[in-house]
Amino acid sequence: MADFNKQRIVESVPQRGFFGHPKGLFTLFFTEFWERFSYYGMKAILVYYMYYELSQGGLGMEESTALAIMSIYGSLVYMSGIIGGWLADRVFGASKAVFYGGILIMLGHITLAIPGSVSLFFVSMVLIVLGTGLLKPNVSSIVGQLYSEDDGRRDAGFSIFYMGINLGAFIAPLIVGTIGMDYNFHLGFSIAAVGMFLGLIMFTSTKKKNLGLAGTLVASPLSSAERKKVSLLFGTGAVLLAVIVAVTIPLGLLTFKSFIVIIGILGILIPTLYFIVMFRSPRTTSVERSRLIAYIPLFIAAIMFWAIQEQGSTILASYADKRTELHFAGLHISPAWFQSLNPLFVITLAPLFAWLWVKLGKRQPTIPKKFALGLLFAGLSFLVILLPAYFGGENSLVNPLWLVLSYFIVVVGELCLSPVGLSATTKLAPSAFSAQTMSLWFLSNAAAQAINAQIVRFYSPETEMVYFGVIGGAAILLSILLYSFSSKIQGYMKGIQ
């Protein structure tokens, strides 16, 4: 039945119309373009909004608290994708998940656009976390439903879709960042809300014509009995959570610091439980258990990599604001503009890396060696950014090209590790847990940002060299270990190249 439904989905979609791809790709390309525009536009100015003084239009938080909240927020966004994927698979389908998620994201940005209190800020964060968890994983799954498994355009279609993600992420900091930083934070958040609204208009106005049945079918719908059980479980959980919050906050037990610790524990505990359940499952074969063992060091390496890469929107954002010379070559540079560097370099370098791997063919590095290279470049990106303090001292303003170089180096690492990690996950996943293993891959980012929330408080101009040096050095050391054991890890992969 599932195969029949899948065939119906593929046949119901016009097969050509957007650069030789199904017309549905046009819908999803621009839906995700505007969603990423709204998300990265908001993210480009959010940390500044938190720690800027009230007189500057900010919330006046301590900088270390603001940096920790940014990391926790990123971690929760990736964790919520598990819930979003489950709701789509069991309750209302991917298409409705995308629509509901877009509504929540837009409401979150509207809430941020209202000048108000810290309470309103946290309401907006909850809305955006839940909305992104619904939209982000499911819009990607609909892309997959546009193609049959043997369609040769499938990989190219995802590449075009990935380009939409990065185009939105590139443009957003330039527009939202400029208006938010130079004029008014809330006006910047308003533009992010408009971006999500345009994405919703694009999705709802073209989905019927372009997507057909893609995203409408519920893969494994709940039975009536299961619906009652799940409703009771969710209702009980919500009540218990409300009671715990209502009791612990007045008692001073639930604070920013304790919440950060809780998320840090969950960031490590959830993927650990995932591994244990899959490894011990009777549905996992001995060959698949061996591949899971091989996946563990790759997963640890991914956590280390994302711990560095994701500090581009926290520590390096603060560095851009306070340590960088923003009047350069006759131009005034907004610190938010640096958030456009990552997607810009991805757009520029991704085709080069795709060509390189094809050109090398069988001579290209193995999966563990590519991960080791990714970690090596991540570590070097942090060592590079400590050099200005070494040469000029902690009180001097730094040439912005140092920051550009750091972002460039980490993107080189990202292109060695991130697309390879997605591919390796699909190859090494036990067949009974294929979808859940993909969720597990995204949890490597959630775990990394949960860890970041614990360590960003150690950063200051005085500790800058030690901070970048220790983390960068740890990444390089781990890359050397991974490279040294790459042959052994490859053996556990049982034929996967």
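## About the model

This is a predicted model, in which local features need pLDDT of at least 70 and side-chain atom pairs count only at pLDDT 80 or more, while totals for chains, interfaces and linings use all residues. Residues are numbered from 1 along each chain as its sequence is written, and side-chain values use heavy atoms, with hydrogens and water left out.

Let's begin with the second largest pocket, which holds about 1800 Å³ of space. Its lining has 41 residues, and those closest to its centre are Leu 76, Val 126, Leu 241, Phe 259 and Ile 263. (On a 1 Å grid over the protein atoms alone, a pocket is an open set of points with protein on both sides within 12 Å along at least five of seven lines, a cavity is a set where a 1.4 Å probe fits but cannot get out, and lining residues have an atom within 4 Å of a point. Grid points are joined across faces, edges and corners, and a volume is the space filled by probe spheres set on the points.)

Which helix gives the most to this lining? H3 does, with 14 residues. Helices H3 (63-113), H4 (118-145), H7 (224-248) and H8 (256-280) each supply at least two residues. (Helices are DSSP runs of H or I with at least four residues, strands are runs of E with at least two, and both are numbered from the N terminus.) The lining of the second largest pocket has 35 nonpolar residues, six polar and no charged. (Ala, Val, Leu, Ile, Met, Phe, Trp, Tyr, Cys and Pro count as nonpolar, Asp, Glu, Lys and Arg as charged, and the others, Gly among them, as polar.)

## A closed cavity

The count comes to one cavity of 30 Å³ or more, and the volume of the largest cavity is about 30 Å³. Its lining residues are Tyr 49, Thr 111, Leu 112, Ile 114, Gly 116, Ser 117, Leu 120 and Phe 121. H3 and H4 are the elements that give two or more residues to this lining. Five of the lining residues are nonpolar, three are polar and none is charged.

## Two bent helices

Helix H2 (residues 23-51) has 29 residues and should span 42 Å at 1.5 Å a residue, which agrees with the 44 Å between its end C-alpha atoms. (The expected span is 1.5 Å times one less than the number of residues.) H2 bends by about 35 degrees at Ile 45. (The bend at a residue is the angle between axes fitted to the seven residues ending there and the seven starting there.) Because 24 of its 29 residues are buried, H2 is largely enclosed by the rest of the structure. (Buried means under 20% relative accessible area, exposed over 50%, and partly exposed in between, with a 1.4 Å probe and protein chains only.)

Helix H13 (residues 400-428) reaches 41 Å from its first C-alpha to its last, close to the expected 42 Å. Its kink of about 35 degrees is centred on Glu 414.

## Two single residues

Is Thr 284 buried or exposed? Thr 284 is buried, at 2% relative accessible area, and sits in the loop between H8 and helix H9 (286-309). Its side chain reaches the backbone oxygen of Met 278 at 2.6 Å. (A polar contact is a pair of N or O atoms within 3.5 Å; within protein, one must be able to donate a hydrogen and the other to accept it, and residues adjacent in sequence count only if both atoms are side-chain atoms.)

Ser 487, in helix H16 (residues 486-492), is exposed, with a relative accessible area of 59%.
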